[in-house]
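Subject: The two-chain model

Hi,

Here is the model I promised to pass on. Have a look at it first, and my notes follow below.

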Amino acid sequence: MKRAARIPILGGAKAFVLHRPHANLNAILRQLSAIGLSATDCWPELPSEALGADFVFFDVDLGFDEQFPWVPGEAPMPIIALIGSEAPGRIEWALSHNADAQLLKPVGNSGVYSALLIARQSFAARRQLADEIATLQARVAERQTIVRAVAALSSQGIDDERAYAQLRSLAMSWQVNLEDAARRVVAMTEQEGGIDHPYRA
Amino acid sequence: MKRRVEIGILYSRSGNYQLVSEACHRGAMQAVAAINADPFSPIEFVPIERDPQGNADRYATLTEDILRNSSARHIIGGVTSWSRKEIIPVLEKAGGTLWYACPYEGFEANEHVVYMHACPNQHLVPLLGHIIPLYGANGFLTGSNYIWGWETNRVARDLIADAGGRVLGERYLPLGETDVSRLIEEIRATRPDFILNNLIGPSSYAFFQAYAEMSRQDDHFTPQRCPIVSCNLTECELPAIGAAGDGHLSAGPYFHDASVKEVWLVGQPEHDGSRPSSFQASAYACVKVLASTLASNGDASPSDLSAAFAQNSFNTPFGAISIDPQTQHATLPVEIGRIANGGFEKVSIAKTVEPDPYLSRYDRAKVFGRRKLKVVS
């Protein structure tokens, strides 16, 4: 059975709540401290310490981009939108910040715990996906390097197919990926005018 | 001249968990009588009683009934988590407070509820911390098919993993189900070190009987080798289990010790067939704490409660206890008892354990110790 496993330990985590003084703010702070987080409220700006927070709650009703010490959509931690008015413009703005979870106002006695867990999971999934995409993009960007490496190897009198196979076996023996191996081959070709035979697999 | 205060009493007088709710009812009514007879208390309670008859759907409507048709703003009641979750939205709408006298699965801290019995760091965590070093870490989990069993077993899975053990099976029975044969066969096949029992009412009683039968055929399944451990089993249900319960274990804030005279039990006949239990003690404590809060604080509305709890400690059957103003959960003793002679022998006692309903302070190393390295020869 697949399960997310583990008691979610939130004790000691730091949360910032960007909301003007209000009963809703008190309800959120109360829930956060009951759950065991240390919570700080702030308005109208997130202080720079918030960059070290584990969670940030932000007001959608009165919020604007300049409140955040980061570019919209690139918060470095899970963020939770506090939505009162469901006007389309405000929802659009909240979406531009890539909120990981939401909490509808008025806030009562519950909702914060599930928002924390959902935000944490969706932030982690988003970050993992972004990392994977960055890795893949970097590899795609090396296509030309691979072409140049294959060309350099085939200039030694073998056909393209065998040159590519040779590049792969070089990568294996160097224990690097194909792109890195190609970069090395290209570098050697440029410096020494050819691939050094002792490195051949 | 005493101030008359109506309070709601919402316990089922029939249904699956009748023995438990009768124990709660008895504790609440004893405390009402004690407060009313106490010349030093300025409060006279007038109980407004409603009986949901063990039907989860009736809790919300009867809560509404009490709040609408009487001046009561405080209700002592509810046994299952299911019923508590039915009651809460009504309280939120009408500004009432539930005084909840039963152990529950945690992960809740509602301003409209005062949690007077144990949450997981006061029952499950110390229970497994006690038994795993003695019996082994491989457990079989069972429960009635609703939130108490699901969530308690979920935490147990993590605890068992932390202790280096494995969950050998997990089986749920519908509320009220008494056919436990499949459950028994699975336990027989997996031979765990202990069984965590989150069954309630008749399912639990049937399970104890069937397990005792199995232990006569196979001595692995004796309480000395493979005990049934529970977080909600008390004296009030032992008559329904009989000798089949002997030797098995339970955790709770209170087990009755007949050799000690307790002030709160003055007047209860000693041999009327029902021993005092933590359910009775907790419901008693609810009324007692409510009375002293009302004495110093007008109507003790939900927004006043945490301030009232911040400064005070309260005399209850659990001893002098405080209530955490953040979570409104009680600081309680944690005892582990072994069933013997129709009661419990205490095998472990911790005097005061602060509530941690979200297990935010749970520390694997503190509960189970550092993992021991195996000696390689």
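Some housekeeping. This is a predicted model, where local features need pLDDT of at least 70, side-chain atom pairs count only at pLDDT 80 or more, and totals for chains, interfaces and linings use all residues. Residues are numbered from 1 along each chain as its sequence is written, while chains are lettered from A and ligands numbered from 1 in the order in which they are written.

β13(B) covers residues 332-340 of chain B and pairs with strand β14 (residues 343-353) in the antiparallel sense over eight bridges. B:V334 has B:A350 in β14(B) as its bridge partner. β13(B) also pairs with strand β10 (residues 249-252) of chain B, again antiparallel, over four bridges, and there B:A251 stands opposite B:I336.

Chain B has eleven helices and 14 strands, and chain A has six helices and five strands. From the N terminus on, the order in chain A is β-α-β-β-β-α-β-α-α-α-α.

The radius of gyration is taken over C-alpha atoms, and the globule rule is 2.2 Å times the number of residues to the power 0.38. For the 377 residues of chain B, a compact globule would come out near 21 Å, and chain B agrees with its 21 Å. Along its principal axes, the C-alpha trace of chain A spans about 80 × 40 × 30 Å.

Chain A is divided into domain 1 (14-133) and domain 2 (142-199); domain bounds come from an automatic or database domain assignment. The C-alpha centres of these two domains of chain A lie 49 Å apart. In chain B, domain 1 is 3-117 + 260-331 and domain 2 is 121-257 + 335-368, with 26 Å between their C-alpha centres. The contact between them takes 33 residues from domain 1 of chain B and 33 residues from domain 2 of chain B; two residues are in contact if their C-beta atoms, placed from the backbone, lie within 7 Å. On the domain 1 side, α9(B) gives the most, with four residues. That side divides into 16 nonpolar, 13 polar and four charged residues, where Ala, Val, Leu, Ile, Met, Phe, Trp, Tyr, Cys and Pro count as nonpolar, Asp, Glu, Lys and Arg as charged, and the others, Gly among them, as polar.

Between the chains, 15 residues of chain B are in contact with 13 residues of chain A. The chain B side of that is made up of six nonpolar, five polar and four charged residues.

On burial: a residue is buried if 20 or more other C-beta atoms lie within 10 Å of its own, exposed if 12 or fewer, and partly exposed in between, with C-beta atoms placed from the backbone. By that count 53% of the 377 residues of chain B are buried, and 31% of the 201 residues of chain A.

A nonpolar core is a set of buried Ala, Val, Leu, Ile, Met, Phe, Trp, Tyr and Cys residues joined through C-beta atoms within 7 Å. The largest one has 151 residues, and A:V56, B:A28, B:C286 and B:V287 touch the most other members. Its largest share, eleven residues, comes from helix α9 (residues 278-296) of chain B. Beyond its neighbours within four places in sequence, B:V287 is in contact with B:A28, B:A31, B:V32, B:I35 and B:I76.

B:V5 sits in strand β1 (residues 3-10) of chain B and counts as buried because 21 C-beta neighbours lie inside 10 Å. A:Q191, in helix α6 (residues 178-192) of chain A, is exposed, as there are 9 other C-beta atoms within 10 Å. The C-alpha atoms of A:Q191 and A:I35 are separated by 61 Å.

Cheers

Definitions and conventions
Helices (H or I, at least four residues) and strands (E, at least two) are DSSP runs, numbered from the N terminus. Two strands pair if DSSP finds at least two bridges between them.
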